[in-house]
Amino acid sequence: MAGAKQAAPGAVQLLHQVAKRFSWGLADQGMSSLSNAAVSFYVARELGAEQFGAFSVAYVTYAFVLNASRGLATDPLLVRFSHAEHARWRHAVQRCTATAVLVGLIAGICSLGAVAVCSGTTRMAFLALGITLPGLMLQDSWRYSFFTAAKGSRAFVNDAIWTVSLGVGLEGLRLWHHQTVFWLVLIWGLTANLAALCGPLQARLIPKLSGVAEWLSAMRDLGPRYLLENTSNSGAGQLRVYIVGFVAGLTAVGHIQEGSLLMGPFFVIFMGISLVTVPEAARSLRRSARHLRRYCLFVGAALSVLALAWGLILLIALPHGLGALLLRAKQWEPVYGLVVWVMLTMMGSCVVAGAAAGLHALGAARRSLRAMLVSSAAYLILGVLGAVLSGATGSVQGTALATWIGVVVWWWQLRLGLRDHAATVGGVSIAQLSQPPTNTGPLPRITESLPRLTQPLPWIEENTDVT
């Protein structure tokens with residue numbers, strides 16, 4: 001009885017800590033999404049579907065670069081340095097954030113090069129994006145760096161700086177009558193750069209560009225795979241937007257993006273929880289593979305139920321005033337028929353998120369890459385085929401089907417990843433393997449398998465390569 005009484009407060013304290021971490025993730029993502037949604041809704045309401053389509057072309061380019069930056073910089077940081085010692089965390093973050101800046105610089109140059117071949121509002125959107133991409137990537141890397149150290153409050157403050165300054169900037173554009181795609185994208189990007197410059201003051205460190213090569217070398221087993229995994233996903237979405245724009249026109253692109261925009265309030269919850277799913281999955285894996293499996297199932301099921309609930313709210317509330325409030329009268333009507341398919345796509349993405357968290361916690365980069373390549377190919381092919389057959393409606397129907405094909409692929413790969421993990425560690429939990437060795441015997445066989453774990457253990461040398 002005494003043991004049970006002692007265990008209960010410990011369980012309550014653990015639950016409180018987990019809830020606190022998820023709460024900061026939700027709060028931060030809410031603040032981050034507010035800045036993105038503010039610009040998106042502003043363009044959709046004030047400039048119409050065609051110019052919103054041009055804005056969307058630039059925005060999906062930003063999303064592609066962002067995913068590339070995360071693949072090389074912050075995703076490996078989450079896997080290897082979640083709750084690492086402060087000195088190791090500082091060393092890693094200096095190099096991780098510098099890597100994000102370099103990705104932004106390269107992408108910014110490419111965006112400015114695209115200005116020469118584009119025209120009209122699309123050209124001006126790329127010009128503003130190219131100028132601000134390095135700071136946009138740096139700001140995002142600070143967010144993930146803070147969550148890696150379980151300091152979600154600092155990420156929230158950084159995103160609050162961006163959101164508040166963006167609100168001031170948008171109001172200034174309204175007063176000065178500079179409401180064009182160029183100025184909206186520029187203000188959005190410059191305010192992100194302002195928040196990025198506050199990051200070193202919060203973290204008390206400065207990105208070290210000379211350490212980028214060291215970071216890429218140390219993360220060579222994870223970075224390239226996560227880069228390909230992330231960019232294949234966002235690249236498929238980007239190509240889909242480009243091709244749909246070519247096949248069905250910018251207005252169709254605008255309607256598709258407006259349909260996705262309506263899911264924005266739920267997307268805040270989805271991305272907020274996603275900020276902490278991988279670190280929490282790693283903690284579950286330290287207990288046992290069985291706990292990890294249960295955790296992944298719970299994350300996927302809970303998020304998909306929430307997506308269903310929000311989709312039903314949209315279906316009921318859009319004809320009763322919400323549509324006119326968000327997208328103006330009449331403008332929401334072409335989007336209403338897309339809501340069911342966007343909701344199904346979002347539900348599938350939620351189920352995938354549970355499996356993805358598990359594969360990342362396992363460090364199974366090859367399996368997660370394989371799953372992403374298959375699901376991204378299905379997303380692109382079916383999304384474009386649907387657009388050719390039936391415009392915007394056909395495109396969202398195709399992507400909904402592709403997402404649920406991806407559900408099967410991701411969970412199959414997680415099953416295989418858990419099987420590989422069981423074979424690697426011989427059924428011994430990571431919590432047991434994390435204890436310092438006290439004797440010999442089977443130790444050499446166990447230590448041979450340790451590099452496959454998600455992050456270096458306390459008694460392993462810091463620079464051990466992970467394969």
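**Salt bridges**

I looked up the salt bridges in this predicted model and the count comes to eight, taking a salt bridge as a side-chain nitrogen of Lys or Arg within 4 Å of a carboxyl oxygen of Asp or Glu. The model is a predicted one, in which local features need pLDDT of at least 70, side-chain atom pairs count only at pLDDT 80 or more, and totals for chains, interfaces and linings use all residues. Residues are numbered from 1 along each chain as its sequence is written, and side-chain values use heavy atoms, with hydrogens and water left out.

I noted D221 and R80, which form a salt bridge with their closest N and O atoms 2.5 Å apart. This pair links distant parts of the chain, 141 residues apart: D221 is in the loop between α6 and α7 (223-248), and R80 is in helix α1 (residues 2-81). Helices here are DSSP runs (H or I, at least four residues; strands are E, at least two), numbered from the N terminus. D221 and R80 are both buried, where buried means under 20% relative accessible area, exposed over 50%, and partly exposed in between (1.4 Å probe, protein chains only).

Next I took R143 and D159, whose side chains meet in a salt bridge at 2.8 Å, N to O. R143 is in helix α3 (residues 120-148) and D159 in helix α4 (residues 152-176), 16 residues apart. R143 counts as buried because its relative accessibility is 3%; D159 counts as buried at 0%.

D420 forms a salt bridge with R367, and here the closest N and O atoms are 2.8 Å apart. D420 is partly exposed at 30% relative accessibility, whereas R367 is buried at 14%. I also found that salt bridges with shared partners join R70, D140, R143 and D159 into one network.

**Aromatic pairs**

How many aromatic pairs does a search of the whole structure find? I got seven; rings of Phe, Tyr and Trp (its six-membered ring) pair if their centres lie within 6.5 Å, and planes under 30 degrees apart count as stacked, over 60 as edge-to-face and the rest as tilted.

Y62 is in helix α1 and W188 in helix α5, 126 residues apart. Y62 is buried at 6% relative accessibility, and W188 is buried at 2%.

The rings of W162 and W188 have centres 6.1 Å apart and planes at 40°, so this pair is tilted. W162 is in helix α4, 26 residues from W188 in helix α5, and W162 is buried at 1%. Ring pairs link Y59, Y62, W162 and W188 into a cluster.

**Nonpolar core**

The largest nonpolar core has 106 residues, and L129, L136 and W188 touch the most other members. Such a core is a set of buried Ala, Val, Leu, Ile, Met, Phe, Trp, Tyr and Cys residues joined through side-chain atoms within 4.5 Å. Leaving aside neighbours within four places in sequence, I listed the contacts (heavy atoms within 4.5 Å) of L129, among them Y62, L136 and W188.

**Backbone**

R204 is not a glycine, yet has a positive phi of about 60°. Most residues other than glycine have a negative phi. I placed R204 in the loop between α5 (181-203) and α6 (212-218), and R204 is exposed at 63%.
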